[in-house]
Structures are given as structure tokens and as C-alpha cells.
Amino acid sequence: MTIKYQSHILACVLAAGVFSGCSKNPVTGKNEIIFMSPEKEKALGAESHPSVVASMGLYDDKDLTAFINDKGKAMGKISHRPDVNYQFFIVDSPVVNAFAVPGGYVYFTRGIMAHFNNEAEFAGVLGHEIGHIAARHSASQQTKQVFTQGVLLAGSVLSPTFRSMSEQASQGLGLLLLKYGRDHETQSDELGVDYSSKIGYDANEMADFFGTLKRISEKSGQTIPTFQSTHPDPGNRQVKVKQLATSYQSAHKASYNVNRDVYLRRIEGLIYGVDPKQGFVEGGQFYHPGLKFQFPVPSGWQTENTPAQFQMASKDGKAMMLFTIAEGKSLEEAAQTIVKNYSLQVSENNKTTINGNPAIAMIAKQVAQGQTAAAANAAQIASWLIQYNGSIYVIHGVAASTDFGANLNQFKSVAQGFKSLTDASKLNREPERIRIKTVQSDGTLRDALKSANMPDNKLEDLAILNGMALTDKVTKGMLFKTLGK
């Protein structure tokens with residue numbers, strides 16, 4: 001018995017005395033100190049699911065959802081934790097991401113579903129996410145945070161620019177979407193190969209998809225896959241996963257499926273990119289066709305839109321704005337709720353109108369417990385509550401006290417620009433969708449895309465979407481992705 005092993009047993013004994021936290025990892029078979037029981041994992045997953053749905057929304061495609069559940073349930077049965085009630089969802093986000101939370105909840109964005117080019121690529125990522133649950137990585141990460149007295153990090157839909165300022169809006173979700181370490185990522189890659197292979201798929205395709213993720217990350221001006229930030233890259237994943245797949249198939253002689261054409265036909269009509277009905281930014285304005293309003297977006301500010309809220313921030317990170325629906329049956333009740341929920345000390349509170357809509361304008365400071373309103377780092381907030389079309393909306397402008405004065409006029413300009421949307425070209429905007437075409441003659445991918453009347457400025461994006469280079473050869477009769485209405 002080694003000293004290291006003796007120390008581990010001692011740690012488990014001490015932990016058991018205080019936390020009842022020593023358990024056997026179902027994947028490795030080793031004892032680990034984990035302060036979250038399987039029952040607590042299940043409860044946390046059930047509690048977090050509404051937050052995920054509120055933050056991102058579910059994508060309405062019954063056939064595609066049935067497909068991922070069919071494959072997911074089959075994979076769950078051969079995983080190291082077949083007793084878990086795995087559930088699988090497609091969330092309505094263009095961001096390229098997949099994530100899992102404790103309790104068996106696994107989510108794929110429509111953005112990542114659009115970028116898969118066959119069932120085997122999907123199965124590899126599915127196995128990776130089930131691997132995080134099977135190996136209890138979320139529970140393990142939480143335990144590490146307890147030891148270091150750190151804060152649980154969101155591995156999330158929110159970009160770093162907004163994360164610190166929108167913590168209350170995403171608290172339930174952020175506590176669960178933990179950023180994994182390299183060891184966990186490597187183990188989940190191994191499990192992704194193992195699990196996807198066991199249900200009959202060629203894990204070499206999983207390796208190729210990591211190449212697609214890398215290309216998206218490297219392309220500037222495009223949505224960077226959240227998958228890359230929540231799942232840190234443990235070295236060259238593409239090469240390592242290819243080696244794992246080769247090794248597995250050498251030891252397990254069988255026929256492994258790719259199923260390219262059947263997958264491409266499954267995603268025919270899938271919405272690609274921003275769905276205009278959920279709101280979009282164009283020409284310095286945010287338009288929401290569904291709710292029929294618009295307001296200005298400051299030049300150069302970064303934006304992020306979800307079903308629950310619209311956020312934007314200056315590039316220097318010194319100012320941000322948040323637009324969402326307010327709680328309350330009247331402007332006054334909504335204002336009181338905001339003051340209470342955000343622990344605000346209000347210095348100004350005025351009734352006004354904004355483009356004919358009843359409104360309340362407030363200026364306040366958000367003061368942390370034990371802090372005075374005069375603290376230099378206290379957040380100062382300008383809020384406008386606006387009654388419009390039977391709902392009450394709120395626009396918050398937030399900055400540190402030292403930067404608030406310099407940004408107040410910008411905040412006012414945005415709030416006072418809120419108005420009804422009447423432009424038919426914005427109200428009736430249709431989303432782009434994946435359209436599957438057939439190659440008409442042998443040539444290159446570029447030739448096929450050009451023959452399908454795809455514009456030059458979208459060719460590189462379409463090459464990534466197809467998991468190919470523009471110079472790659474295509475043959476007559478081959479299926480490929482284009483975009484259309």
C-alpha cells in the first residue's frame with residue numbers, strides 16, 4: 001500500500017465524517033471525494049432545466065428531437081451509468097455548442113446540429129456529453145470549488161463580457177454549467193469514442209468534427225463555438241481522437257456507420273443563424289418582429305440575444321445594457337420589484353413617456369451587503385420601465401460609479417429610442433434555413449455552391465458548414481448543404 005493511496009483513504013475517511021462525500025467513480029472505479037450525491041445531481045438537473053429553457057428556448061423539430069433521444073437513450077444504456085434517466089433536447093440557439101448538466105440532461109444547440117455532417121459526428125459529441133455525466137464531472141468540479149473556496153464558473157451561453165454583469169439573470173443556469181478541466185475533457189473524449197463505437201458509429205468522424213470546431217474558432221467575425229470555451233482543448237483533440245478511434249476499431253473488428261445522407265436529409269429546413277422572429281440587430285437597431293418594437297444599439301457595442309433578454313456592452317467592458325420583461329402588473333409595482341430584487345438605493349424616480357408609452361425612469365446604485373453607496377466600485381444603474389402593448393419592459397444601463405456619468409447620455413439615447421416597429425420588411429423577415437442540394441456534375445465544392453447560386457461572401461462559411469474545403473472534390477449525385485429561405 002503506497003503512501004499516496006493511504007493519504008487518499010485518509011482523505012475519504014475525513015470527508016465521510018464531515019460530508020459523507022467519498023464515493024466510487026463509475027467510470028474509473030476509483031474512490032473520489034464528491035460532495036454531491038446522485039440524488040442531488042438528479043434534483044439539480046430538474047431544477048436547472050427550466051433555466052436552460054428560459055435562457056435559450058427549445059427548438060421545435062419533433063423528428064430531429066426524436067432522433068437525438070433515440071440515439072441518446074441507446075447510448076445511455078451502454079454507458080457506465082445506465083440507471084440515469086437521460087433526457088435530450090435541442091435548444092433554439094445559433095451558437096455552436098453542446099452541454100450536459102447533472103441528472104442526465106443533455107442539450108444540443110440547433111447551431112451545432114447544423115454543423116454536423118453525418119450521424120457519426122453527432123454520436124461522438126453525444127458520447128462526449130454523456131461521458132461527462134457518467135464520470136460525474138460536474139459533481140467533481142463542484143467538489144474542487146468547495147476545496148478552493150472558489151466561485152462556480154458558468155460554462156455558458158453568456159459571453160465573458162456579460163457574465164459578471166448579468167449574474168442574477170443567469171444564476172440558476174450558471175451554477176450548473178461548469179467549465180471542465182483538461183483531464184475531464186480527455187476522459188470524455190475517450191468515452192465519446194467508446195460509447196459512439198458501441199452503438200455502431202465510426203468515431204473517426206468525431207475527430208473530424210473537432211476540425212470543424214477549430215475552423216469556426218479561427219474564423220474571425222463569426223460566432224465562436226461556446227463548446228470551445230466550456231470544453232477546454234486538451235491539446236490536439238482531432239489527432240488524439242483519431243488515434244483512439246483507430247485503436248478501438250483495431251481491437252473491435254466490426255462495420256461502423258457514418259450515415260451522411262440520412263443525417264443531411266434530417267436537417268433539411270433547420271434554421272441557420274439568427275432567427276429574426278426572436279429579434280435581430282441591423283443598421284444600428286435591435287428589431288423584435290414578434291413583439292413589434294425596436295430600439296437603437298450603440299455603434300461598436302457587442303450584443304447577445306436570448307429568449308429571456310437582450311444584452312449589449314461596450315468593447316471596453318465599462319458599460320452594458322440589459323433589456324428584458326419586468327415583473328409586475330403596473331409600472332409602479334414593476335419598479336418596486338426591481339428595487340427589491342437588485343438591492344437598489346434609488347436617487348431619482350420620475351414618471352415620463354417614451355414615444356407615447358407610459359414609463360418610469362430611475363437612477364440607483366446597487367450596493368452589496370456591507371458596502372456603502374459611496375463605494376467606488378458600486379454599480380450604478382439607470383432604468384427605464386416602459387408599458388407597451390400590454391407588457392412592461394425594462395431597459396437597464398449599468399456601469400461602475402466612476403464610469404456612469406460618461407455613459408448616462410448613451411443609456412438615455414437607447415431608452416428614449418424605444419418605439420413601435422411598423423416596417424413590414426423587418427416584421428416579415430424570414431430566417432435562413434439549411435437547404436440540402438444534389439451535386440449536378442463532378443467538380444469542387446466551390447463549383448457546386450456557385451451552381452446553387454450561393455453568394456461569394458458566404459462560400460467560406462458554407463465550406464465550414466459542409467465540413468469541407470472549397471477545393472475539395474465533389475461528385476455528381478452527392479448531397480451538400482446550402483442556405484435558403
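Contact here means heavy atoms within 4.5 Å. Axes are lines fitted to C-alpha atoms, for helices over the stretch in contact, and angles run from 0 to 180 degrees between N-to-C directions. Helices (H or I, at least four residues) and strands (E, at least two) are DSSP runs, numbered from the N terminus. The model is predicted: local features need pLDDT of at least 70, side-chain atom pairs count only at pLDDT 80 or more, and totals for chains, interfaces and linings use all residues. Residues are numbered from 1 along each chain as its sequence is written, and side-chain values use heavy atoms, with hydrogens and water left out.

- An open sheet is formed by seven strands with antiparallel pairing, in the order 10-11-12-16-15-14-13; two strands pair if DSSP finds at least two bridges between them.
- Strand 10 (302–305) and strand 13 (344–354) each have a single partner strand, so one side of each is left without a neighbour in the sheet.
- On average, neighbouring strands of this sheet are turned by 15° against each other, direction ignored.
- Four bridges join strand 10 to strand 11 (residues 309–313) in the antiparallel sense, and N305 stands opposite F310 in strand 11.

**Helices across the sheet**
- Helix 14 (residues 331–341) lies across strands 13, 14 (357–366), 15 (379–388) and 16 (391–400), and runs at about 15° to strand 14.
- Helix 15 (residues 401–416) lies across strands 11, 12 (319–325), 13, 14, 15 and 16, and runs at about 150° to strand 16.

**Residue T212**
- T212 is part of helix 10 (residues 204–218).
- The relative accessible area of T212 is 5%, so the residue is buried (under 20%; exposed is over 50%, partly exposed in between; 1.4 Å probe, protein chains only).
- Not counting residues up to four places away in sequence, T212 touches H115, I464 and G467.
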